[in-house]
Structures are given as C-alpha cells and as structure tokens.
Amino acid sequence: MQNPAPAHRLAYVDALRGIAAISVCVYHVIGFLGAGTATPLAAGVKATALETFDLGRFGVVLFFLISGFIIPASLKPGSTLSRFAVTRFFRLYPAYWLACLLILLLPFVAPAGGAPDGSLSLSEVLANLTMVPKLFHAQELSGVFWTLFVEIVFYIGCAMLFAARALEAPLAVGLVAVGLNILTPGAILLNTYLHTRLPVSFLCFHLSFLFMGSVFRLDLLKREPLARAFGLLLIALTAVTVPVTTGLLFPVPQAVATQFVMHHAGASAAAYFAALALFLFVAWRRTDVAAPMVRLGEISYSLYLLHMLCIALVARFIVPGTHSMIALYAVLSLVLAILAAQVGYRLVEKPAMALGKRLTLPRQAKEAGI
C-alpha cells in the first residue's frame, strides 16, 4: 500500500503513533467500564484485561520511543534553540489549552485534584496552563496529562545537549540513556538489599526510553556504529531494569504508591517489552503500513488529549451491563474520540503549527512570501 504521508514525514513513525494513541484510548475505555454503575460482567472484563497486559503503559512507552526518535531532528545543525522553542510551543500548547478549557467547562468531566466538590482554585488552573503543574505543586487536570511533563523535561535535555553540541554524538546520548535507565532500578536494588534510603525517581526511567529512542535514531537513520553498540546495550539492560522497576522480581512499594505500576507487575513489564519490540521491528524494517493507521498517527496528539472527554460522555448514557452494551460503549467511545481528534487537529493543531513555522521562517523567506 502506498504511504499516504507527505514525503518529509516518516510514515512508519506516524503509524506507530497511531498504534500508541489507539492503545491508550482502548486502555481508558476498558478502565472506564462500570464507572459509577459497576456490573459483574463489566468489572470482570475490566479486571481481566488490565491485569493481563497494560495497554496504556504499552502506548505511553511507544510514544516515548517515538518522541526520542524524531524530536532531535528538530534541532539539526543550523537550527536554533529559539526556533525549536517556538515550534514546540505552537505544536503542543494550543491543542493542550483547548483540552484544558473543555475539561473546565464540560459538566460531565470531573477535573483531577481540586476541592472535594470538584472546584479548582485560580492558581491550580494557571499552574495547569503551563503544562508542568507539578512544578507548582498542583495536580494535572486529567490523569493522562502526566506524560506531557516527561516530554517537556526531555525537550530541555535535548536543548542542553544541542547547546553542548552533543545531541548528534552517540557517546553523549548513549551515556545519558544508559545512566537514566539504570538509575531508578539501581536505587531500588540498593534500598532493597543494602537498606539504603535513596530516592526512587520513576521520571528518570521514563526519560531513559525517550533518550533510548534518540540512540536508535542515531543508529538506524545516521548509521553511527557507536549508537548501534549503545542500542544493543540498552536492549540488554531493559531485560533486567524493567522487571526490577516494575516489581516483577520482588515487591517495589514505591512503584505502587506512586502509581507507576497500577496493575499486575507482569502486565506492566510485558507492556515495556512489547512496545520496545514493536518499535524496533517497525523502525528497523521501515515497514509500510495501512493508510488509516498513518492518519491516526497524524491526529494522535489531539486523540491523546481529547479521548477521555469522549469516553466520559459516552459512559453517562450507556451502562455496559451486557456483552452487546459493552461493545456499543467501546465502539461509540472510540469513534467519538477519533472524530473529536480530527476536528481538534484541523481547527487547532494544523493552524497553530503553521503559525509556529511562519514565525520561525528566515526573514528572506518571509519577504519572498514563502
């Protein structure tokens, strides 16, 4: 099948984005089963699905690997940090602000955090508009927004490496990825067996998969031999660090307390391995994929931001108490989420991205009307 994406895009990366986005959507559709009106069947389906394979974590890890693979290309030689900051701002914030506005205005959505009656203070709202509310000791408006903080930290890391002229250096990027990957499980092991009291940062573990994606980029797209060595090392490391960090080998109370692991440890570990395996297979083979999945990738950001609103709306009108009602609830939720993402992409994302690119065009190009 012909790739429908424009020539400057990597269609297989868009397809992976589509898979990641729809995985997160399905995970939350399952998680919403029986919300407020639990039935034995819905509860059974929900428990079985979530404890078998963490589809949400699979999608998130896939997103992280993809971002690590493509974001450094925005800082290629000749770029500037100011241009990177402007384009990233217009890529992320307008669509995010739309999602925040809908959460605050729609009566069937209960924002996370806030007062017991669901109200939010002005400071909490303003903190959320920054996309990094944790820095202001506030909770995200939606539970799905936590990954955006991780992405912002990764952007800062990329900017620092770019300023040091090391973003394209396999040694620097590889060492960062390896260091982040072993930091969290290393602290867990030392706390468990040597009874130390080291802080356990799951943010570092998340970031390691973003920088891992950057290592794979330097290997698969830049053909850097040292990146290949670091990539193989990271693959081998995850065989150990994932089971340790998720609590598969022994209990990790911090992982449960911080909701790093929300279901069975085996379900979380399997999600990491599956995401890494799928990413490597598709990126290595550069496999052509069906057009619908590529198009889902193009609207994946809006889909990620808006799908919970759509699920909550459908859940107000459908009680999934039978197999047919569960199927109807799931299909309607996904269809509505995809339609909302299409609208958000066309009306907000595309114009905002175009404006960001326009603002960063060289003066000569602006004068020529390009």
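Guide: Helix α3 passes helix α6 in a right-handed crossing. A crossing is right-handed if the near helix is turned clockwise from the far one by less than a right angle, and left-handed if anticlockwise. Helices (H or I, at least four residues) and strands (E, at least two) are DSSP runs, numbered from the N terminus. The model is predicted: local features need pLDDT of at least 70, side-chain atom pairs count only at pLDDT 80 or more, and totals for chains, interfaces and linings use all residues. Residues are numbered from 1 along each chain as its sequence is written, and side-chain values use heavy atoms, with hydrogens and water left out.

Visitor: At what angle do α3 and α6 cross?

Guide: Axes are lines fitted to C-alpha atoms, for helices over the stretch in contact, and angles run from 0 to 180 degrees between N-to-C directions. The axes of α3 and α6 (residues 146-163) cross at roughly 20 degrees and come within 11 Å. The two helices are therefore roughly parallel to each other; angles under 35 degrees count as roughly parallel, over 145 as roughly antiparallel, 65 to 115 as roughly perpendicular and the rest as oblique.

Visitor: Which residues of α3 and α6 meet?

Guide: Contact means heavy atoms within 4.5 Å. Val60, Phe63, Phe64, Ser67 and Gly68 of α3 meet Trp146, Thr147, Val150, Glu151 and Phe154 of α6. These residues divide into six nonpolar, three polar and one charged. Here Ala, Val, Leu, Ile, Met, Phe, Trp, Tyr, Cys and Pro count as nonpolar, Asp, Glu, Lys and Arg as charged, and the others, Gly among them, as polar.

Visitor: How do α3 and α8 pack?

Guide: Helix α3 (residues 55-70) and helix α8 (residues 202-220) pack at about 45 degrees, with their axes 6 Å apart. That angle makes α3 oblique to α8. The contact includes Phe64 and Ser67 of α3 and Phe209 and Met212 of α8.

Visitor: How many disulfides does the structure hold?

Guide: A disulfide is a pair of cysteine sulfur atoms within 2.5 Å. The structure holds zero. The sulfur of Cys25 is 8.6 Å from the closest cysteine sulfur, in Cys310, which is too far for a bond.

Visitor: Is Cys25 buried or exposed?

Guide: Buried means under 20% relative accessible area, exposed over 50%, and partly exposed in between (1.4 Å probe, protein chains only). Cys25, at 1% relative accessibility, counts as buried. His137, in the loop between α5 (122-129) and α6, counts as exposed at 78%.
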